[in-house]
Amino acid sequence: MEMPPRVIELDDLTLRRFDPEGDRAELFEVIDAARGHLRPWMTWVDEHSPDRTAEFLARRQEAWEAGRDFTFAVVLGGAIVGACQLFRREGGPDGVMEIGYWLHPAATGRGVATRAAGALVAEAFRFPGVEQVEIAHDPANRASGAVAGRLGFTQDRHRPAGTSEELVWRLGRQEGAIEDAEAEESVAKKSVVEESVVEGGGVPEDVVQDRKSSASHPPK
């Protein structure tokens, strides 16, 4: 079964698989501190709790082991500052994978979301048969769309998301996938200058039970 690496090092930025026990308290605190920042796009934050964080981390471990989706802690300066995820949407075509991400506001404006998403694009195209990668978000969340645009994605379509809709961006294998460290470094340098507030294409609240709105539901 194809799996991404458990740890992806990007100079001062690290993406690593969550530790259900070791990361539980820190992840709860990060989300709790970012409630106001995340609330416009992620309504579940008002129901956020330690128990929900523990449940989320347990589900993420199960999903990783099953090869369904892969959720990483975004670590900067030794601290968790967000999460990102590479997954296959339930019922979606086999050749498509999707990326979600969210950050604590203190980590925005530094190219972090662009670098993290770019690393997951590279990992997605290492999976056999994957020809396209998608990012979806609330159309009003322009900062999230800017990340997709910097990575070479193009707007593809709108799709239903709960009672509203989300904007879907798509990148093909031959249309600008990040294939090596030099390409990733180039994108990172550009994004440090251009990136502003990024709330997501968010990691889904519960990607096992509900894949309807990956852009607006990161972990509880």
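Reply: Axes here are lines fitted to C-alpha atoms, for helices over the stretch in contact, and angles run from 0 to 180 degrees between N-to-C directions. Contact means heavy atoms within 4.5 Å. Helices (H or I, at least four residues) and strands (E, at least two) are DSSP runs, numbered from the N terminus. The model is predicted: local features need pLDDT of at least 70, side-chain atom pairs count only at pLDDT 80 or more, and totals for chains, interfaces and linings use all residues. Residues are numbered from 1 along each chain as its sequence is written, and side-chain values use heavy atoms, without hydrogens or water.

Start with the strand order. The sheet is open and has eight strands, in the order E1-E2-E3-E4-E5-E6-E8-E7, with mixed pairing. Two strands pair if DSSP finds at least two bridges between them. Strands E1 (7-10) and E7 (154-161) are the edges, each pairing on one side only. From one strand to the next, the twist averages 25°.

Now the E1 end. E1 and E2 (residues 13-17) run antiparallel, joined by four bridges. Isoleucine 8 stands opposite leucine 15 of E2. Beyond its neighbours within four places in sequence, leucine 15 is in contact with residues including Phe72, Val74, Cys84, Ala116 and Leu120.

Next, the packing. Helix H1 (residues 24-33) lies across E4 (79-87) and E5 (96-103), at about 95° to E4.

Last, the rings. Rings of Phe, Tyr and Trp (its six-membered ring) pair if their centres lie within 6.5 Å; planes under 30 degrees apart count as stacked, over 60 as edge-to-face and the rest as tilted. The whole structure holds three aromatic pairs. Tryptophan 64 and phenylalanine 70 are edge-to-face, because their planes are at 90°, with centres 5.1 Å apart. Phenylalanine 70 and phenylalanine 127 are tilted, since their planes are at 40°, with centres 5.8 Å apart. Phenylalanine 70 is in strand E3 (residues 69-76) and phenylalanine 127 in the loop between H4 and strand E6 (132-137), so this pair ties together parts 57 residues apart in sequence. Buried means under 20% relative accessible area, exposed over 50%, partly exposed in between (1.4 Å probe, protein chains only). Phenylalanine 70, at 1% relative accessibility, counts as buried. Phenylalanine 127, at 6%, also counts as buried. Trp64, Phe70, Phe72 and Phe127 form one aromatic cluster.
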